[in-house]
Each structure stands twice: as structure tokens, then as C-alpha cells.
Amino acid sequence: ASEFTYPEAERIRTAALQLDPNDMRINGDLLTGEALLQSEDKEETVYFYYTIETQEEKFNWEQQRFPQQVVATVRLEEPEAERNLHQFDFEDYLNAKSIHWVVTVEAMQFRSEDRSFRAWPSSIRRSIILMLEKLPAVQTTDYIQTMLFNQSHAIAGDTLDAYRGIGLLHLFSISGMHIQLLLTQARFILLRMKVSHETTNKLLVVFLIAYGVLTGWGIGVFRAICTHFILLMGKITGHRIEAKDAFARTVMIVVLYNPLLIYSASFQLSYLLAGVLYFVAPVSSEWKMNGLLKDVCLTALMTMVSFPIVAYHFFEVSWLGIFVNVIFSFFFSWLLFPLFWLLFFVVLFFPGTPLLGLLCTVSDSLLTLLENFAGAAADLDFASLVTGRPPAVYFALVWIALILLLLSVEKKQRNIRVLGFLMAAVGLFFFAHQLDPSGKVVMLDVGQGDAILIITPFHRRAVLIDTGGMLTFEKETWQVRETATTAGEKLVSIIKAEGVKKLDRVFLTHADQDHVGSLRELAEGLPIDAVYFPKGAEGNAAVAAVLLELQSQHQVGLFPLLGKVDLEIDADFVFHILAPLAPGEGGNEDSLVIQTSIGGLDWLFTGDLGEEGEEVLMRTYPDLKTDVLKIGHHGSATSSSEGFLDHVQPELALISAGKQNRYGHPDAQILERLELRNIPIFRTDRQGAIHFLYGSEETEWRTILENKK
């Protein structure tokens, strides 16, 4: 629980912060990370945000080696929960670290360095990171920082996406495989130097502790270090311990220290896969097959065991991991990890040697080769299989089948019935969403933009109205922030979480970036059969370029539309296109207006249509009425006129707007108009994604943020 009550946190305006440079990240002009906040004789770890004001200040932060003591003007808020179903939950992520407040640092009043004795381990670790940045190879530097020193943000997001797409994420974010390699090499060197076995074991214990301190005790690193520490202590004390027993004790230590860690994907994959290896290793040593075939069989077993966890967190799995894991494990275990450590020691002791450039060239070449291979494999349409996140019963069936399989492996049995049960459980898992008789309409929370997903019962059809998109504003080069996940990648993840394997139709209401900006990434992440847009929008150069790319590279059908057209989506499901009535340029007044009936309700989607377009609608369709109205232009005062609201007489209003957006949407005037007419409002900026479920006897509305609370 937090040290601060909500009223106390709300009152805090000035506080002292202790910032460790190893727990901070600089991204453009944004400084974020964990800090210790002190106020009113209380202290607590928080997550902070600070906007850097000048390029010089940014350089100063980048070069910091010692922890900082800061007095600042601050604002405390509760961390935000997931805004879309099954997506990243910042609140849960921070709670697992016992962090209960997000702090916005509005101004720093005083700052000084902490050079006390307790600050030196942090300073040494930071100095190592800065030293590695002197390597004449950015790519190699990123991998060394990530894999040897637990700097999880160093490798580019698109590279990690490619690795995850072929089942290799554990190599980079959760693995401690290099610890075993390092200990083996260190033991070999010490014994060759005539150091006794007893002294070698003691030196390795000291080394493990020192390495853990320097790397910040990441999940995979702690698992490997703790397990080997227990094994070494057993040798030193004369009480030899089995590897699987040492691993079991490590699990107990971690769970007792922080039980919330078990909910993280990193913990689940790291400890599950390591546990299976300890479990299967004694049996696999007796398998009568060559080394390569044995590696493939072990990798296949690990891929199957990780399947439900990967599906739960990432909504898709890759069968390619069975094969590429063998290749990547060889490259990293026998080539790259030794090369990384060699580079580290060379830059530490011989930073000016010409050998450094040669080693970096070799390392970068290998990494480029692997990244290109991973990217090409991840782009294969058949590489990944979308699962969504089915109900718990399907996960239970798969886990039961996997446990039976592992027991058969341990008993050295070839049980065909177990394999048959596993195949049936996995098959049901993949098609679980197609067995769901309910349909849904989801107004996705895509920030300041629009994206509405419609899924018919049994997942017969999936339709998307608009794609959202990131609005960009001009900044100086040093201020530009890199996003770990783009708006388009988030959109694809949200849709896959619903179990959607392809989009039958995508409708673009008009050409604005916040409605079409994620179209390219959407097509890269999911198959699309057809894209519809208002006639004339193809005249917009940016939209035209994306449409042509979709047509040539993804074989997507393109269909310009005008009003007074009916499109059959599915049996008894028709889109009535009401506007535009003439070709335009893709602006707000040219928005596609779609009327349809879903779940016994009439729906009207108006894009960013303004009052001028609303007047045309009223004149053209004098009897237009609706139950659910998607409010035009995110609740701008230029839309949803009083006359239009009286004309269509909605029973409920939907507003898609970004939280605390710079435009002030939805406008207070629009909210007042709706309230005066007693029209209930759902809005994404306050409630997250809005779900309407239908197909059974009763319909149901759900809001993600309120459900969370």
C-alpha cells in the first residue's frame, strides 16, 4: 500500500526526489524513470516524467554518472490502467514494482549529485554504460547494453517486434543464458591459472554478486545468478544440491520477495522455460539421436510449453520458433556472447586498439545478418497464427495437455493419446473465437482519433471504421521522441486481442491523419480484403501513396464511394452509405456517413462531419433517426448542431477523443447540448474503449476503465 493517502498526494506540490541515472530513460526531450520521493517525513518509490527544456540540459542528463538529489515542483497522479481490452496496463506494471504514483515534475528548483559510499555501485554501473557507448558500432553497443547489462530499452522496438514475431523474445528480454557461459569460461581460466577448485568456487560467488549489482538484477539475470549461487554454495559447504532443487529455491525466493512478479510475461516465460529445461535435461541426455535433432526436439518442446503464455500476452504465436531458436541459440551462445564479452574487456582495458574496430565490424555484420533474417521471417504471412485471448477454459485444456506431455517425456513414454489430446486442445484454442455466438461493436481508444471495430457473431465478419493515427507536431531534432510502439502497432495488437485474424472491410471516413494514419501498419499487421473511402479522398497525396502500396504489395481491393449506396457486409447486415453526395478532397465535410443496424439498434457514424455537412444530411434524409450517434469531429463545437441532434434524436452518444488533448475535445458546448436532451454519453478520454455486446437475448455496454475500477 502507498505511504500517501489520496488527499495527501493531492496536496503535495514540492518534494525531494532521488534519481538514479540507471533507472532513467532519456527519449527526445522527455526524461522518465523511477525515483524515491520524499515529502512530509514519508518516502516512496514513484514513476516520474520531466520535459527537458534545452539541448544543453539534455546532454547534461545523458552524461550523469552519480545519483541526483532534486527538489522540484511536482504533481502526483494515480497510474493509468489499460484503456483497451487486454492491452498494456501501466497501473498493474507499476504495482508489481510497488509503485503507486506517477509524478509529473513541473520544475526543478535545486539539483545536486549524491557521491556517498552507497551511490558508488550505481555510479560504476552507469560509467560502464557510458563507456560502452564509445564503441565504434551503435548496433553492437545496443545489444551489449541489453543482454549483458539489463538496459531493456536499448534495442530498437521494431527489431524486438521481429524477434517476437518468430518466437525469440525470450532471448533478449528475459534470458540469463550468458551467465552459464560466463561462469564456464571463468572457471576454465581460473583452473588453468592453477587456482584450486575451492577457491575458484568462492571467487565465482563473489563474481555473481558483483555482476548482479552491476546489472540491476533483471528477472532473467536474477534467476540465473541465484540458481548458480545456490549450487556454488552447496559445493563450498559440502552439501551438493541438484540443479532443479536450486532452481526451485530460487522460485520460492522470488515469489516470497515480490508475489506480483508472477503476473509479468518476463517472469512467466523466464522461469517456466528454465524449469522445463531443468526438468527435461536429465531425460534428453539419454535420447538416441544426433545433436542437431535433439536441439530441434528440445526447442519444439519449449515452443509448445510457452505457447499459452505467448498467446495470453501477445495474442499470436509463431511455429517458426521451433527452427529459428536452434539457429539463434547457436549464434548467441557460441559466437555473439563470447564476442560481446571480448569487446567489453577490450574497450575497458585497450580502448584505443585497432582491434576494437575489427571486432565491432564482425559483430555488426553478424547482428545485421540475424536481424535481416528475423525481419524476413516475421514478414511471412504464414509465420504467425493469431489466437486472441480466448476464455480461461481453453487455456486450462492446453495446460492440462502440456502437463500430461511433460509427464510422458519424463517417463520416457510415447503416448499417442496425449499428443492427440494436445492437438485437439490447441485446435480448440485457435478457433475459440469462431465458436462465440455474440458479436460486438468497439469504439477503440486510439487517443485523439477514431477507430471503430465491428465483429459479427461467430467472427464471420470483422469491419473497421477508421484506423486512428498519431498526430505529429514540429520539434527540433533533439526533442523528437522515439515510440516503442507506434499508433499502428497498438491498433493491430488491440484488434488481434479480439481474436480477429483478418479484416474483411476497412472504411476510411476521410483523409485526416487521425482517421487514416495507421492504415499502412494495419495492412502490414493484418490481412485486409477491401478498403472503402469517400470518392475524391484519393486526391490527397499521402492517402494515395498508402492506397497504392496496399493495392500493389498486399493485393487489397480499393473502392471509392459516394452516398445513397448500400453495401452488404453479411447476411442481415448492411451499411447504408448516406454521404458524401459528390466527390470532394477528403476533408471533414466530405466524410463518409454510415448508417446501419446492429444488435437491434440503429447506428450513425459521421466521421468528422461538420454543421455544413449535417445540413445536407437533414435536407437529403428528412426521416433520419438513430439510436446510437457517433458524435462528429471528436466533440468539436463545429459539429453536432442543435438542429442535427433534434433531427436524428439519438438515445446515446459516443465520443472518441484523446485524454487531455490539446484541442479541448469534447467541447463543453457539445456536452451541454447532449445533457439538455438527456442523451447518455460514452467517451474514450474518460472511460477508455467502449464495448457493445450483442447476439444473445440481452445486449450489454462495457467501458474498460470503469470495469478496471
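This is a predicted model: local features need pLDDT of at least 70, side-chain atom pairs count only at pLDDT 80 or more; totals for chains, interfaces and linings use all residues.
Local features need pLDDT of at least 70 and side-chain atom pairs count only at pLDDT 80 or more, while totals for chains, interfaces and linings use all residues. Residues are numbered from 1 along each chain as its sequence is written, and side-chain values use heavy atoms, with hydrogens and water left out.

The sheet is open and has eight strands in the order β13-β12-β11-β10-β9-β8-β21-β22, with mixed pairing. Strands (E, at least two residues) and helices (H or I, at least four) are DSSP runs numbered from the N terminus, and two strands pair if DSSP finds at least two bridges between them. The edges are β13 (557–561) and β22 (700–703); each has a single partner strand, so one side of each lacks a neighbour in the sheet. From one strand to the next, the twist averages 15°.

Pro 534 has Leu 561 of β13 as its bridge partner.

Two packed helices are described by the angle between their axes and the distance between the axes. Here axes are lines fitted to C-alpha atoms, for helices over the stretch in contact, and angles run from 0 to 180 degrees between N-to-C directions. Helix α5 (residues 138–149) packs on helix α15 (residues 355–378) at about 80°, with the axes 8 Å apart. The two are therefore roughly perpendicular, a term for angles of 65 to 115 degrees. On the α5 side, the contact (heavy atoms within 4.5 Å) is made by Gln 139, Thr 140 and Tyr 143. The α15 side includes Cys 360, Asp 364 and Leu 367.

Helix α4 (residues 120–132) and helix α9 (residues 197–215) have axes that come within 8 Å and cross at roughly 75°, which makes them roughly perpendicular. Pro 121, Ile 124, Arg 125 and Ile 128 of α4 meet Val 213, Leu 214 and Thr 215 of α9.

Helix α13 (residues 291–314) bends by about 45° at Ser 306, and Pro 308 follows within four residues. The bend is the angle between axes fitted to the seven residues ending at a residue and the seven starting there. At the start of α13, a side-chain oxygen of Asn 290 lies within 2.8 Å of the backbone nitrogen of Leu 293. Just after the helix, Phe 315 takes a positive phi of about 70°.

Definitions and conventions. A polar contact is a pair of N or O atoms within 3.5 Å; within protein, one must be able to donate a hydrogen and the other to accept it, and residues adjacent in sequence count only if both atoms are side-chain atoms. Angles under 35 degrees count as roughly parallel, over 145 as roughly antiparallel, 65 to 115 as roughly perpendicular and the rest as oblique.
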